[in-house]
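Here is a short briefing on one structure.

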Amino acid sequence: MKTAGKKVLVTGSHGFLGRAFVEKLKKEGIPFATYDRAHPEALPDGISSVVHFAGITPASPGTHTLADYRAANVEGTRQLLAALSAHPRLDRFVNIGSCAEYGFSMKPLAEDALERPTNDYGVSKLEQSRLVEEFARGTGTPAINLRIFNVAGIPKRAASNGDRWRPFIFEVLIGQFRAGKRAIQITNRNDIRDYVDIDDAMEAVLAALRMKRGGRFEIVNVCSGKGTALSDLVGMFGSLMNRDFSIREDAKAPTVSMGDSKKAKAVLGWEAQTPLAESARRILTHWKRVLIVGAGVAGDTVLKEIESSPDRGILPCGIVDDDPKKQGTALRGVHVLGAISDIPHLIGTDEFDQVLISTPSVSGLVDRVVAALPPGFPVKVLPSVSSVILGSVNLARVRDIDVSDLIDRPLVKADQVRIRKNVKSKTFLVTGAAGSIGSEIVRQLVDSGAKRVVAFDAWEEGVFNLREEFADRIKSKGQRFVAYIGNTRDATRIGEVLRAERIDAIIHAAAYKHVPLMEENPEEARKTNVLGTKNMLDAAVRHRVRDFVLISTDKAVNPSSVMGKSKRDAELLMKRYAKRHPTHRFCAVRFGNVLNSSGSVIPTFLRQIRAGAPVTVTDFRMTRYFMSIPEAVSLVLQAWIVAKNGQILILDMGEPVRILDLALQLIRLHGLEPYADIPIREIGARPGEKIHEELTYDAGKIRQSPAARVFIGEEL
């Protein structure tokens, strides 16, 4: 029978198999209509054949009794057939049956085998088959009952209508794999099943619609004709996932369900084509297969979090680590497959979807991993090393590679526990709170459990966004947060805020920082960076705020720019107030460029790369010290804890980074080739810029904090 010009009625089109067949019809360009079981009598016009999937199975939501199965599978079919009896004669009726109609047998089941269903579902499907046979013989409709054996596939959940599927054998196994189970629970290791790939099964249904031979009613097995023991199935998945599993059994006697495939080939001209191993491989594509970099504490923490969050759709399928002692071992059952140098081979031979770097702070590691991968291959990193230190990793916050990961120096780690202890009972005023650095100060104060955080900034939109960000978080943690609009140039407004709030510490981040722009507007730089700082210092004294932290910069060292000079003057102001008011604690924290902060070169590079424009570097010799925003802020808070009155604290920024090298890394990170895809141009140093920044200090006056690499002392 040809299906061209015919319309196929598909029942149960929202179910697992029904949906798969609808997709098949769409792909083949075959017209179809779906069946409304709420109104069985209202059949669509123009249908010439029917494929009947509707009903419930053990994989359907809920717990089912024989009465439930009969209501859906038998009575539902009876209603459909009654409506079809008044319809013009059909070309073909294809009923989707089940191997459960046979029950189990120690030998392959042929179509004429004795039907002995062993469960309520099988009983209902056999009764359904009998109804279809009666309909075929009574109406003269050619009908076929396809007894489909175990389908090798995974139901696609339809989140749009909120339906849920109960798991069957593959989902049971995958669920245990994803949950990190190393001992897999199955019925019996010697249980044997006949599996047929879902795509092959859909081809069989289509062949049944098109068949020309056969009697009035035919029963045809849709099966591979081969049996696979559950223990072998577990081993097959384990091999694909690079994992070893042990097996726990909950049934003493094994069962066998295998079909004889001869009739399908003779009647339908169909036979299974897809090996089970290939079906298993396809099943795993429903989840993200991840290669983890790092088999140490961080890697273990990541695997532990994946085990506790199995619904995230992540399957760890291998680890790489450069430690020779870890080669050939396993972490939480996941094999260490090689070193970082083996990544190209592993990506080429295994179907990994993503690389997850568990230790992004290791010097040069991210660069090496990215260089080993094909351009644009997905790479993620842990949100922060502090999450590993504190023993918790939130997979929802696993992020793309950030430019901070490309800076080849060890991460400066603050003492998070100490910060939390000192922050907890204090109220903080943060100026410039809506900016890139100020907002992160607010975040870390909130996360560390500050009693109250007062945000102060002149940027209206930024303050609004900050309030929106923290509204729900503050309520859930029982903390208090308030934001004020105001300018540090306005001494009256500062006084109003400090009279309204009882402040324990001021962190003064408000400043103009853009070097060339301040060269063009020197008086504005002085008004904000110097006079604004003086207003805040005066207010701290007047309102008895004991602690004051000035956020300064390496550009204040031997300043060559208006911005650097204004920040140096602010530092000297702080020192003057410290001498006059010894009962207070005034200090400054000086560090280099903060990645992705406003005024940083990084956003400019990213904007140019994404636009396909040339990347502009002021001078190919230029070097800068870099630190990430969260890292810099955590060290500011640590510096606040350890500082003495009048001190300028200088953070250890590691080694300077050549700006040209950073541009090259960013271009490659986007899967592009420097100079070929993205030109790089040298445009010359701008007014006020140095070729090399300085972080200078007197080693004789410095001690190093044991909890973090924070240098404490006076600059030269």
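The points below cover the cavity first and then helix α2.

This is a predicted model. It holds one cavity of 30 Å³ or more. Helix α2 spans residues 66-85 and carries a kink centred on Glu75.

**Cavity**
- About 40 Å³ of space lies in the largest cavity.
- Its lining includes Phe177, Arg178 and Gly180, along with Arg243.
- Leu303, Ile306 and Glu307 also line the largest cavity, as do Pro316, Leu331, Arg332 and Val334.
- Two helices, α4 (169-178) and α9 (297-308), each supply at least two residues of this lining.
- Helix α9 gives the largest share, three residues.
- By class, six lining residues are nonpolar, one is polar and four are charged.

**Helix α2: length and bend**
- Helix α2 has 20 residues.
- From first C-alpha to last, α2 reaches 27 Å, close to the 28 Å expected at 1.5 Å a residue.
- The kink in α2 is about 25°.

**Helix α2: buried residues and their cover**
- Tyr69, Asn73, Val74 and Thr77 are among the buried residues of α2.
- Leu80, Leu81, Ala83 and Leu84 are buried in α2 as well.
- An α-helix has 3.6 residues a turn, so residues three or four places apart point the same way.
- Strands β1 (7-11), β3 (47-52) and β4 (92-98) are among the elements that cover the buried residues of α2.
- Helix α3 (120-139) is also part of that cover.

Technical notes. Residues are numbered from 1 along each chain as its sequence is written. This is a predicted model: local features need pLDDT of at least 70, side-chain atom pairs count only at pLDDT 80 or more; totals for chains, interfaces and linings use all residues. Side-chain values use heavy atoms; hydrogens and water are left out. On a 1 Å grid over the protein atoms alone, a cavity is a set of points where a 1.4 Å probe fits but cannot get out, and a pocket is an open set with protein on both sides within 12 Å along at least five of seven lines; lining residues have an atom within 4 Å of a point. Grid points are joined across faces, edges and corners, and a volume is the space filled by probe spheres set on the points. Helices (H or I, at least four residues) and strands (E, at least two) are DSSP runs, numbered from the N terminus. Ala, Val, Leu, Ile, Met, Phe, Trp, Tyr, Cys and Pro count as nonpolar, Asp, Glu, Lys and Arg as charged, and the others, Gly among them, as polar. The expected span of a helix is 1.5 Å times one less than its number of residues. The bend at a residue is the angle between axes fitted to the seven residues ending there and the seven starting there. Buried means under 20% relative accessible area, exposed over 50%, partly exposed in between (1.4 Å probe, protein chains only). Contact means heavy atoms within 4.5 Å.
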